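Biologist: Please show me the structure, and let us then discuss it by question and answer.

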Amino acid sequence: MNELALLVAATLSAGTPLAVAAMGLLINERAGVLNLGAEGTMLVAAVAGFGVAWLTGNEWAAMAAGALAGALVSLVFGWLVIWLNTNQYATGLAISLFGSGFSAFVGIDLVGKPLALTAPLALPLLRDLPFLGVAVFRQHLMVYLAMALTGGVAWFLYRTRAGLVLRAIGESPTSAHALGYPVRLIRLAAVLVGGALCGVAGAYLSVVYTPLWVEGMVAGRGWIALALTVFATWRPARLLLGAYLFGGVTMLQMFLQAQGVQVAAQLMSMLPYLATVLVLVLISRNPAWIRLNMPASLGKPFFPGL
Amino acid sequence: MIRLEPRTSPSPLMSVLSPVIAFGITLAVGGLIFWAMGKDPAQGLSTFVLEPFNGTRALTELALKSTPLILISLGLALCYRSNVWNIGAEGQFLMGGITGGGLALWFTTAGVGVGQVAFFPLLLVAGALGGAAWAAVVALLRDRFNANEILVSLMLVYVANLFLSWLVFGPWKDPDGFNFPQTVSFAAATEVPRLIKGMRVGWGFPVALLTALAMWLFMFHTYRGLQLQVGGPAPAAARYAGFSSRSAIWTTLLASGGLAGVAGALEVAGPMGQLTPSVSTGYGFTAIIVAFVGRLHPLGCILGSVVLSTFLIGGELAQSRVGLPSALTGIFQGVLLLALLACDTLVQYRPRWSATR
């Protein structure tokens, strides 16, 4: 019983960075911009967050630094794809390659340094509940913030005028432009918010999740977050569930080992990546359905002069 | 205020100039980084871009490093021209390394007596099969289930890496290796034959150059090559002409996976001589940059490979000579690709000054 509670707790914690990053990417993609630079953005933010946490000992300053770093990296991406109309695939890749190189370079002196930060927030009274106390109520505040973020994004997209405009731009930038909306500025805003959220996710990884900086430590989570947006067919609530599902798959290794299952660690570590492939296959089987849900102008450049 | 105006046709001048300008920007950024780190920019840059050309030994090392980049980028250029986004060449490279290395390991442990010359073609085939098989997974899932090839091929990079790691920590571990995660050193007979005695560069280099020639002929002088390229930018036109996008997915992925696999096998049986967890050096990702810098053209891929190998060697030299982290190479690579993409805008658009927005 207690092991199961720990598994749930670990799942929530492992799903949180995926949820936050994927929520940022969801906002990007709803505006019609596909950001393959997520992995690199998260790496830069992870090293920035870790560096600030190392200097200040304050994890919230670290999260802010991560968000800022993520937004700055996305600013470059956004300027290139929105104003210079560069290919979104290639530019995102370039950002990812740059991010992994840059973070490795900047973080060279931080590799392996331990970080001593505050204990996770344990909600008073609730923490003492049987099972649920261990499973849910002894988490880092970010875990709850990620849940709140999901609600916030869903409300924004479906219940506000600004959210409607954002979705319209993702569907048909030309019509939105004709209606007088500043398509490029709104897209840039979406890219910056998306980058900042990827940044928070990156900082969470290096400061809270595994309080350690190691080169390439994001380990494909940026790409998994991208896959999650497809998995969720661009809907916030499904995205959160998907993130926890993946968090659970990541944690399965620990759980199975505790149960005495003898499988090599390397093979077990393949699980999240294989799960991503499997999920992509299951979701994409019906191309018509994907096309129906996908923002119609996703990945396509928009040039107002034409 | 500068605004962009679409050109009526792409500028041929800019499409040649743009990599040159991007290279210049990369050098400028590199110089700034050296300056910011308190090193002499001129000395730092010459370590990065001139020293790799200094002398016979340096040139052979450059050829050695270019070999995998040429092979992988050729396949990727074909993919990207057909609008198939294979981003997982690194995984296909690793798989080729595993099959090629596995064959060499088998010949070594079983003591099969063949010479280097007889083993070399077997090695190439083994590598190609490994890489192509790994890419075939991507092709199958894309073809049958419409699964996004970018994400699938990338996920398979991590899987290939973990698979290699499992092999060298587990079943393939050298029993006399003091518990190091590595296979036994391969027998001399399985080594890639050297081009020049005493230098590390092997027969893989001419193989890469010949592959570039073959790819050039295929792309621009065969009907099939043309078919593939039409399918990329204009799928509707291709369908109308009766070209199948399904077969384009299979052809380009198998070709690029196979070439990446050959590169992996050459690396493992060449400079490495055994399998270790660190076969992956990022060649598969660097080759993406090479393909773009080379304008997705086979001969451009050769030039691009030389430029990017210069950065790879420059990074190593920067570490040993100037005391800078070799991770600088990653920054040079990223900046080069970003600058190139930005400059490429000028191929399609003309900048104009205007008073109003």
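Biologist: How many helices and strands are there in chain A?

Modeller: This is a predicted model, in which local features need pLDDT of at least 70, side-chain atom pairs count only at pLDDT 80 or more, and totals for chains, interfaces and linings use all residues. Residues are numbered from 1 along each chain as its sequence is written, chains are lettered from A and ligands numbered from 1 in the order in which they are written, and side-chain values use heavy atoms, without hydrogens and water. Helices (H or I, at least four residues) and strands (E, at least two) are DSSP runs, numbered from the N terminus. By this rule, chain A has 14 helices and zero strands.

Biologist: What radius of gyration does chain A have, beside that of a compact globule?

Modeller: The radius is taken over C-alpha atoms, and the globule rule is 2.2 Å times the number of residues to the power 0.38. For 306 residues the rule gives a value near 19 Å, so chain A agrees with a compact globule at 19 Å.

Biologist: What percentage of the residues of chain A count as buried?

Modeller: Buried means under 20% relative accessible area, exposed over 50%, and partly exposed in between, with a 1.4 Å probe and protein chains only. Among the 306 residues of chain A, the buried share is 57%.

Biologist: Which parts of chain B does the pair of B:Phe48 and B:Phe332 tie together?

Modeller: Rings of Phe, Tyr and Trp (its six-membered ring) pair if their centres lie within 6.5 Å; planes under 30 degrees apart count as stacked, over 60 as edge-to-face and the rest as tilted. The search over all chains finds 18 aromatic pairs, and B:Phe48 with B:Phe332 is a stacked one, at 4.1 Å centre to centre and 10° between the planes. These two residues are 284 apart in sequence, so their pair ties together helix H2 (residues 41-49) and helix H13 (residues 328-348) of chain B.

Biologist: Is B:Phe48 buried or exposed?

Modeller: Its relative accessibility is 0%, so B:Phe48 counts as buried. B:Phe332 has 2% relative accessibility and therefore also counts as buried.

Biologist: Where is B:Leu296 found?

Modeller: B:Leu296 has a positive phi of about 55° although it is not a glycine. At 16% relative accessibility, B:Leu296 counts as buried. Its place in chain B is the loop between helix H11 (283-293) and helix H12 (298-322).
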